[in-house]
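Here are my notes for your read-through, written as numbered points. Keep the picture open beside you and find each residue as you go.

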Amino acid sequence: MREFLLYTLRPDFVQAMPLMALAFLLPLKHRKHWKTRLAGWIVLCFLYGGFIFQQYHYSYDTPWQFFCGYIAPLLLGYCTFVIACDISLRDALYGTACAYAAQHAHFCVTVILWGEHYTTQNISGGYVLGYVREWAVFLAVWAVCYLLFARKLPVKGEYRADWRKAISTAVIVLAIAMVLNRTVRNIFDSTGGSTVAYAICMAYDLFNCLFLLWLQTEQRRELTLAATLEGERRLRKQMEEQYELSKENISIINQKCHDLKHQVSALRLVRDQDAQEAGLRELESAVLIYDAVSKTGNEVLDTVLTEKSLLCEKSGISWTCMADGGLLDFMQPVDLYTLFGNALDNAIESSQGIDEPEQRTVAVAVRNRHGAAFIQIENYYTRPIRLQDGLPLTTKPDAENHGYGMKSIRSITERYGGVMDIATEDNIFRLNILIPIPA
């Protein structure tokens, strides 16, 4: 029994695989009661590892022994993901492949430090110190792999790997960790090579595993960046189309207001008192529309502010605007429209969800501050605002296809050498943007 317990606590392949899988499943979406289920599963894996080593002592020569000693631990690692995480089977396969690469990196480090047969030490003496140092190395490799790779691979708790990526990654890891390693080991045993040469081969194995994990994180970063840029590109295209449409609408309003003088002349010729009164009321309504037209000294800013002020009037939102549009003449029309369009859409959407009339307000200010254009947009909010990387997280259910508005605002601001800041205080949301005015 004592011997079985010592075998069970060994830092061996079977015991290390589910623990290394833990590093890669921590950032994923989890099932209910996953901690309890995972703890019980890891205990079973340890017991299985003790049983296998007591039976075969690394003599995995027959197909059945090879399956029990090498294939079964990989299946246990795969089941670790399935038991603990609410992810697809292909994501579980991809996570298992990455965890196996990390586990093999730990194996390479241990062999480089203490040689190939470090695990066959006599358990009757010196095993305590051996276990402590080997588990210490494992924890160090575990921490490095988690910090550098595991926590950077998922997106919103998922790997989002298709079957081609999952299978190809698994095949590459198997080729490095099993086929290449077994080939080098057989050559070493048959030729009686030096331990230094074998350590060099293990260092090469280690490099391949770490390079593969780094490559996965770089691919994930590039895919995330590409998705963000594509979202901003679609948003920019929509803003261009919306700007052209808004410009046409504002031109129609201006034309209508210009035609008022002709209607006034026509009313002078009407003799019927009731008809004249009805005509005056219609004129008054038209004039109220003209009151919403902004005159800031910048045609693009006038377009977007007029459009949003009309939307506020329609939604029962109080609108306040004090803007010197001439300060922003240096900005490209689409950039200026996109920046204010996104910011005001967010402010109006937040105000529409407020019941108190006195808090349904949107305030816009553009003024000169020490040679820079200072833009401030204020509105009340009721829903809790959570910030990530300095930007508020979207409250829409389909978060993957939303949330690009604030990113686009920051991107435009930084493109012109400016800074953006978000402040929330007393249920007031303030978007502050400071952009230097070119000489």
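1. Start with the largest nonpolar core, which has 49 residues; those with the most contacts inside it are F24, L25, F81, Y100 and L213. A nonpolar core is a set of buried Ala, Val, Leu, Ile, Met, Phe, Trp, Tyr and Cys residues joined through side-chain atoms within 4.5 Å. Buried means under 20% relative accessible area, exposed over 50%, and partly exposed in between (1.4 Å probe, protein chains only). Helix α2 gives this core its largest share, ten residues.

2. A quick word on what you're looking at: this is a predicted model, where local features need pLDDT of at least 70, side-chain atom pairs count only at pLDDT 80 or more, and totals for chains, interfaces and linings use all residues. Residues are numbered from 1 along each chain as its sequence is written, and side-chain values use heavy atoms, with hydrogens and water left out.

3. How confident is the predictor? pLDDT is its confidence in each residue, from 0 to 100. The protein chain averages 81, and 75% of the residues score at least 70. Treat residues 117-125 with care: pLDDT stays under 50 there. Residues 397-403 also stay under 50, and the model has six contacts for them beyond four places in sequence. (Contact means heavy atoms within 4.5 Å.)

4. Back to L25: which residues does L25 touch, leaving aside neighbours within four places in sequence? They are H30, W34, L38, T80, F81, A84 and C85.

5. Now follow helix α4, residues 63-84. (Helices are DSSP runs of H or I, at least four residues, and strands are runs of E, at least two, numbered from the N terminus.) There is a kink of about 40° at I71 in α4, shortly before the proline P73. That bend is the angle between axes fitted to the seven residues ending there and the seven starting there.

6. Look for the aromatic pairs too; the whole structure has eleven. Rings of Phe, Tyr and Trp (its six-membered ring) pair if their centres lie within 6.5 Å; planes under 30 degrees apart count as stacked, over 60 as edge-to-face and the rest as tilted. F13 and Y70 are a tilted pair, because their planes sit at 50°, with the ring centres 6.4 Å apart. F13 is in α2 and Y70 in α4, so the pair ties together parts 57 residues apart in sequence. F13 is buried, at 11% relative accessible area, and Y70 is buried at 14%.

Notes:
pLDDT = per-residue confidence, 0-100. Expected span 1.5 Å × (residues − 1).
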